[in-house]
Amino acid sequence: MLLFIFFIIYFSLVFVTRSLLFWRKTGINPLTFDRADDAHGFNGKIFKGVAGLEMVVIAIYAFKAEWYAYLLPFWYLESEWLAKTGWALLVISLLIVWVAQGQMAHSWRIGIDEENRSELVTHGLFRFSRNPIFLGILMANLGLFLVIPNTFTLLIFVVSFISIHTQVRLEEAFLRKSFGEQYMSYSDKVRRWL
């Protein structure tokens, strides 16, 4: 039950609350995935599918223990130490994502916004990683796998890993086009992940 509550809080804070705060301040819809039928739009559908699958898996774990065997658990990875490590990653992830979103301020979007100009963010957590929000999301998905190691949480981690790497490359191409030498100089100094 605690895991389910945590993920409700996580999604509420980093997607719903952050989007509403951004929209109220700027009048801009930060959700940009569904605007085109291209790689970016397709990746948005994958993100939504992964989030939906996460909630289903977590709900089964929390409320339907008798169904958990259908998720094909890796019983040999179920340990208190790995679960505590997973919880630590989940909490750290939430902090990283929330702080990085705040540091992006008016430049934050969920996806690529080609209609509204923003500034290149290079301060705060972005001094250490060009993608701290995506890094945090990957940490959360790894943490989920460690807390409840099963075939579906592994699938969630693998699919999100591929999808996030794809999104990062799409965003890098957009940032090179939008900011040119400024972005190239930044990417020479700061690594993609850490």
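Helix axes here are lines fitted to C-alpha atoms over the stretch in contact, with angles running from 0 to 180 degrees between N-to-C directions. With that in hand, the axes of helix α1 (residues 2-26) and α4 come within 13 Å and cross at roughly 170°. This is a predicted model, where local features need pLDDT of at least 70 and side-chain atom pairs count only at pLDDT 80 or more, while totals for chains, interfaces and linings use all residues. Residues are numbered from 1 along each chain as its sequence is written, and side-chain values use heavy atoms, leaving out hydrogens and water.

**How α1 meets α4**
- α1 and α4 are therefore roughly antiparallel to each other (angles over 145 degrees count that way).
- On the α1 side, the contact (heavy atoms within 4.5 Å) is made by Leu3, Phe7 and Tyr10.
- α4 brings Gly136, Ile137, Ala140, Leu144 and Val147 to that contact.
- By class, it comes to seven nonpolar, one polar and no charged residues. Ala, Val, Leu, Ile, Met, Phe, Trp, Tyr, Cys and Pro count as nonpolar, Asp, Glu, Lys and Arg as charged, and the others, Gly among them, as polar.

- Helices are DSSP runs of H or I with at least four residues, numbered from the N terminus.
- α4 (residues 132-147) has 16 residues and reaches 22 Å from its first C-alpha to its last, close to the 22 Å expected (1.5 Å times one less than the number of residues).
- Of the 16 residues in α4, 14 are buried (buried is under 20% relative accessible area, exposed over 50%, partly exposed in between, with a 1.4 Å probe and protein chains only).
- α2 (residues 39-63) has 25 residues and reaches 36 Å, close to its expected 36 Å.
- Buried residues of α2 include His40, Phe47, Glu54 and Ile60, and what covers the buried set includes α1, α4 and α5.

- In α6 (residues 181-189), Tyr183, Tyr186 and Ser187 are buried.
- They cover an arc of only 95° around the axis, which puts them on the same side of α6 (the arc uses directions from the helix axis to the C-beta atoms).
- The buried residues of α6 pack against α5 (151-179).
- Turned away from that buried side are the exposed residues Glu181, Asp188 and Lys189.

**A look at Leu154**
- Leu154 sits in helix α5, and at 34% relative accessibility it counts as partly exposed.
- Leu154 touches Phe74 and Phe145, leaving aside residues up to four places away in sequence.
- Leu154 and Pro73 are 81 residues apart in sequence but 9.9 Å apart in space, C-alpha to C-alpha.

Technical notes
Helix = DSSP H or I, 4+ residues; strand = E, 2+ residues; numbered from the N terminus. Parallel < 35°, antiparallel > 145°, perpendicular 65-115°, else oblique.
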